[in-house]
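Subject: Structure handover

Hello,

Here is the structure we talked about. Please open it alongside this email; my notes follow below.

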Amino acid sequence: MTFPELKIIDPILKALVTKEYEEPTPIQLEAIPLLLEGNDILGSAQTGTGKTAAFAIPILQNLYLQKQIEKSPRIIKALVLAPTRELALQIHDNFKEYGRNLDLRTAVIYGGVNQARQVAQLNQGVDILIATPGRLLDLIQQKKLTLANIAYFVLDEADRMLDMGFIKDVHKIVAMIPTKRQTMLFSATMPNAILNLANEILNQPKRVQVASESATIDKIEQAVYFVDVKRKTDFLIKLLKNPEMKSVLVFSRTKHGANKIVKNLLLAGIQALAIHGNKSQGARQEALFQFKAKKLRVLVATDIAARGIDIDELSHVINYDLPEVPETYIHRMGRTGRAGLGGDAISFCSHDEVKFLQDIERHIKMVIPVKTDPTHSANYGNSSIQTKASASLKSSESTSYQKKIAYPGKKKNYKKPEPKFYSKYDNKNKNLNK
Ligand code: AMP
């Protein structure tokens, strides 16, 4: 099926040619016809699947066709709520690109910056507004905008809204939007709280689901290295000497950690910048711009700052720290392998993080291949992880581990882990295959 077969109008088709999109992604194939028919949608899809175009194209098309008939004034008729400014900016860019040949105006508002420019833009008249919840409520309270004419409402990354504590704000915002509207809710995961919210705000929605989360990571080559905490920086520096690592996003659990990693990389002569909540909006934008333009090879980020970052051809994601929440691992990996491209996700696991690794493997239902670094192996041999693991490993355990590692749905790139790194972990994993 092609874009013209989805009955997309010419000015949008032209924009898609400019974007060099050859054919619709699975979520676009499913969602675009349903949305053009006016259905509400509950979409299980994460960033990286092409979901922005799946909702942006029908909204743009419907607004454009409506405008041809009604010559309606420039008032906000479509609202997209996103949890972070990065994601909001990205959605805004996409709307502008897909709508470049339509006379529709799009604006984006988010917190952490002076509101004056955003208000000036709103005053000039806007058809489509992309917003983060806090700034939106703030400007509504100041009577700088109204949601009274919204006919299309998108709640993007609803699970992240929940995680970030925005759910009350979302309820307040929904209460201000007319009930006669088309509503689209997208979420990578569907915990009960999201299903309840969906029940409240959607009207007989069609369910759209793209391949399960774990399936979307198929094209990404994963590896884990057991690295002592104290050696992580040295090891990162060593890995980054590989010129094949062209564009590397490094995840740190904390803001302070991200700053420290950057400081050490700079000392080692590797250019890097950090993005996290304590950096100014300008600094974050500049770092992202340089990274996307491939002028900066290494970007160090916390999870929230990296949310929604969309970088074509990001070659490597490195988990300097393993995430405590297994789903975050999938979100992080989703930064690479965009739109069907491959990528590498490398994790560092210290002794204290083995429990996180177990949770992640249970969640993604696969064993992440363990890699060792030959030139460092002597040193690693002395690390606390390996010493403890090796000390408690009996040969019978290692054999049984090797025998039973065949997980259902195992991935092609799978390589047998080095059993000597496991042991206690191995015993726990026995439950996985039951
Ligand atoms: P999203 O899930 O909306 O963040 O999109 C992920 C990436 O896929 C973005 O870089 C989009 O520009 C790209 N993309 C979206 N739709 C298509 C398509 N049909 N063909 C190729 N790339 C696409």
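Start inside the sheet: Ile41 has Met184 in S6 as its bridge partner. Val154 also has Met184 in S6 as its bridge partner. Before going on, note that this is a predicted model, in which local features need pLDDT of at least 70 and side-chain atom pairs count only at pLDDT 80 or more, while totals for chains, interfaces and linings use all residues. Residues are numbered from 1 along each chain as its sequence is written. Helices (H or I, at least four residues) and strands (E, at least two) are DSSP runs, numbered from the N terminus.

**The sheet**

Strand S1 (residues 41–44) pairs with S6 in the parallel sense, over four bridges. Strand S5 (residues 152–155) runs parallel to S6 as well, and four bridges join them. Two strands count as paired if DSSP finds at least two bridges between them.

The whole sheet is open and has seven strands, in the order S3-S4-S2-S5-S6-S1-S7, with parallel pairing. Its edge strands are S3 (106–109) and S7, each pairing on one side only. From one strand to the next, the twist averages 15°. At the S3 end, S3 and S4 (residues 128–131) pair in the parallel sense over four bridges. There, Thr106 stands opposite Ile128 in S4.

Is S6 (residues 182–187) mostly covered or mostly open? It is mostly covered: six of its six residues are buried. Buried means that 20 or more other C-beta atoms lie within 10 Å of the residue's own; exposed means 12 or fewer, and partly exposed lies in between, with C-beta atoms placed from the backbone. In a regular strand, side chains alternate between the two faces of the sheet. Both faces of S6 are covered. Gln182, Met184 and Phe186 are buried on one side, and Thr183, Leu185 and Ser187 on the other.

**The cores**

The largest nonpolar core has 62 residues. Such a core is a set of buried Ala, Val, Leu, Ile, Met, Phe, Trp, Tyr and Cys residues joined through C-beta atoms within 7 Å. Leu60, Leu79, Ala88, Leu129, Ile130, Ala131 and Leu185 touch the most other members. Helix H3 (residues 51–70) gives the most to this core, with eight residues. A second, separate core has 48 residues, including Val224, Phe226, Leu236 and Val370. In soluble globular proteins, nonpolar side chains tend to be buried together.

Take Ala131 as a case. Leaving out residues up to four places away in sequence, Ala131 touches Leu79, Leu81, Ala88, Ile109, Tyr110 and Leu136. Contact here means C-beta atoms, placed from the backbone, within 7 Å of each other.

**Helix packing around H3**

H3 packs on helix H4 (residues 85–98) at an angle of about 50°, with the axes 10 Å apart. That makes H3 oblique to H4. Axes are lines fitted to C-alpha atoms, for helices over the stretch in contact, and angles run from 0 to 180 degrees between N-to-C directions. Angles under 35 degrees count as roughly parallel, over 145 as roughly antiparallel, 65 to 115 as roughly perpendicular and the rest as oblique. On the H3 side, Thr52, Ala53, Ala56, Ile57 and Leu60 meet Ile91, Asn94, Phe95 and Tyr98 in H4.

Helix H2 (residues 26–36) also packs with H3: the axes come within 9 Å and cross at roughly 25°. That makes H2 roughly parallel to H3. In H2, the residues that meet H3 include Ile27, Ala31 and Leu35. Their partners in H3 include Ala53, Ile57 and Pro58.

**Residues to look at**

Lys7 is not a glycine, yet has a positive phi of about 65°. Lys7 sits in the segment before helix H1 (10–18). Lys7 is exposed, with 10 other C-beta atoms within 10 Å.

Gln204 is not a glycine either, and has a positive phi of about 40°. Gln204 lies in the loop between helix H9 (192–201) and strand S7 (206–209). Gln204 is exposed, with 6 other C-beta atoms within 10 Å.

Val119 is in helix H5 (residues 116–123). Val119 is partly exposed, with 14 other C-beta atoms within 10 Å. Not counting residues up to four places away in sequence, Val119 touches Leu139 and Lys144. The C-alpha atoms of Val119 and Leu145 are separated by 8.6 Å, and the two residues are 26 apart along the chain.

Best wishes

Conventions: Two residues are in contact if their C-beta atoms, placed from the backbone, lie within 7 Å.
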